[in-house]
Amino acid sequence: MKLIDTSHLRGDVFGGLTAGIVALPLALAFGEASGAGPIAGLWGAVFVGFFAALFGGTKTQVSGPTGPMVVVFAGVFSSLSGEPALVFASVILAGIFQILFGVFRFGQYIRLVPYPVISGFMSGIGCIIIALQLSRLFGHEPEASGTIPALAAIPGAIANPNIAALSIGLVTLGVIFTWPKKLGKYVPGALAALIIGTLLSLALKGAPILGDIPTGLPSFVVPAFSQSTFFVVVEAAFILAILGAIDSLLTSLVADNMTRDRHNSNRELIGQGIGNTVAGFFGAIPGAGATMRTVVNIRSGGKTNISGMLHSIILVVIILIAAPLASQIPHAVLAGILVKVGYDILDIAYLKRAHKGPRWDLALMALVLGLTVFVDLITAVGVGVVLAALAFVKKMADDQLVAFGEAQPRVTTPEERDLLSASEGRVTMFDFGGPLSFGAAADLGHRVRERVKDHTSAIVLDFSRVPFIDVSAARAVETIACDAKQSGKRVYISGMTDEIREVLSGLNADHCIEDNTRYENRIDALRDAAKWVKSDDASEANAIASPGSTYSAGAGTS
């Protein structure tokens, strides 16, 4: 992908202009909510938006401060006492982490986070944003940072409201939630709410306002941290990096769906990392791919990265010329805008229908949501991913084993049926119908022992539908073969691929399997097994006859 593509310049100009206008009130609100100030939010939109567009892997993506990133950054800002050298060291380090994610091609793995986990932590972040802004709607500032102190402050704010601030906040909410879509094509609802709420504050005196906002170019921040703060900074940086990567790649998928294009996830991470690194050096808050701004950009005609870069240039012009006007914006207006942002982040569509889907997914989503709100994001995502992975492994293991005695025997030809029938139960065949992994290994040997009777003389293990095998399953196969050998039974192997054969031989897990009992296809294995059980060598192993049996182990169907 070329760094600069001017083939769609007209659409990119309109897209960038519209995205810049939409970004203005959000950047101010996010900056104020972060603790670093509204100007830090604006410069965050500038730096992250420009460099992520220039170097990123999603043509139409517009980046900047987002709700999830601001929630985490606000916690970092508070925990590091607002010390710029420490706070923005974490932002710089987060950017470097993201660059490394891209260089080492981690983008494809970050996208593997299960949907219930994503839904849970995004909805949790939406709840946090709303909780943090409710007191401000009533004209009060929470005395302490964090979700729980913010929730505790709400009753007091409701009992003693600032009428001017509350009126302005309610008007802002009314405007932003009811702004007509037709007018939104020309004036975004957030911008309309910002203007109307600010004009209303000129008539209703007494509502807290932003006050003086610095103008001019940002100052360079020299990052630093001490031995006592090192781990705090690194942990904060890692959380910001992971969250920003997930947030950006999700937005990239939205952009792909709208443009029928395909983004480069690893390059996108590098672009986001460069943007956040530069933002940190200039005291700007971190950002990620912003879904709403990206959608606005695409719908307004943006097709290349020029639109994202232009959105940043427009914000620079606004900062240098119109920053003094922003000093009159009431806190209640920005709080109203952020309440709408929090509401939009909530996964309402899934919540409405979650009860009709798998209950485990709903429980996982609720758990991650709760951990996000009341513990922290990294714990929520970590617990969610681990539980989702364990549930998947358990489901795969169950699928690999469920057919043992429960499914119809997978006998595919009349000759197979005749051979098993003629063996009178002295040959038992197991058909493994899918990958053999550690999830199934624990029960594999037990299930075989359950099905193999004393009168069985030969066991056929068919691997023709097994694409791979891990160490745990290889040891389970070794146990099955050695148990059979010790009890006087002969093990036949069929359909084993070279890869599986190499795993077993490499681990010496096939030492109980004779070389002359290994076959390319199972009909040959069955013929030899049926012949052997009638020989003198097998006559002492079993004597009682019963119908031949086949047990399928795996997710495959016949």
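The secondary structure of this chain comes to 23 helices and seven strands. Helices here are DSSP runs of H or I with at least four residues, strands are runs of E with at least two, and both are numbered from the N terminus. What you see is a predicted model, in which local features need pLDDT of at least 70 and side-chain atom pairs count only at pLDDT 80 or more, while totals for chains, interfaces and linings use all residues. Residues are numbered from 1 along each chain as its sequence is written, and side-chain values use heavy atoms, with hydrogens and water left out.

Overall dimensions, then. The C-alpha trace spans about 105 × 55 × 55 Å along its principal axes.

Of the 558 residues, 53% count as buried. Buried means under 20% relative accessible area, exposed means over 50%, and partly exposed is in between, with a 1.4 Å probe and protein chains only. The chain exposes about 24,800 Å², and carbon and sulfur atoms supply 62% of that area. The areas come from the Shrake-Rupley method with a 1.4 Å probe; for residues, only the protein chains shown count as cover. Among contacts (heavy atoms within 4.5 Å) between residues at least 6 apart in sequence, 86% join residues at least 24 apart.

Helix H11, residues 230–259, has 30 residues and should span 44 Å at 1.5 Å a residue; its end C-alpha atoms are 43 Å apart, which agrees. The expected span is 1.5 Å times one less than the number of residues. After H11 comes Arg260, whose phi is positive, near 60 degrees. Helix H15, residues 331–345, reaches 21 Å from its first C-alpha to its last, close to the 21 Å expected for its 15 residues. Because 13 of those 15 residues are buried, H15 is largely enclosed by the rest of the structure.

Next, strand S3, residues 427–432. Six of its six residues are buried, so S3 is largely enclosed by the rest of the structure. In a regular strand the side chains alternate between the two faces of the sheet. In S3, Val427, Met429 and Asp431 are buried on one side, and Thr428, Phe430 and Phe432 are buried on the other. S3 pairs with strand S4, residues 458–462, in the parallel sense over five bridges; pairing requires that DSSP finds at least two bridges between the strands. Across that pairing, Met429 stands opposite Val460 in S4.

The side chain of Ser307 makes a polar contact with the side chain of Asn297 at 3.0 Å. A polar contact is a pair of N or O atoms within 3.5 Å; within protein, one must be able to donate a hydrogen and the other to accept it, and residues adjacent in sequence count only if both atoms are side-chain atoms. Leaving aside neighbours within four places in sequence, Ser307 is in contact with Asp12, Gly15, Gly16, Asn297 and Gly302.

Last, backbone angles. Most residues other than glycine have a negative phi. Ser81 has a positive one, near 60 degrees. Ser81 lies in the loop between helices H3 (67–79) and H4 (84–103), and at 68% relative accessibility Ser81 counts as exposed. Asn508 also has a positive phi, about 55 degrees. The place of Asn508 is in the loop between helix H22 (498–506) and strand S6 (518–519), and Asn508 counts as partly exposed, at 46%.
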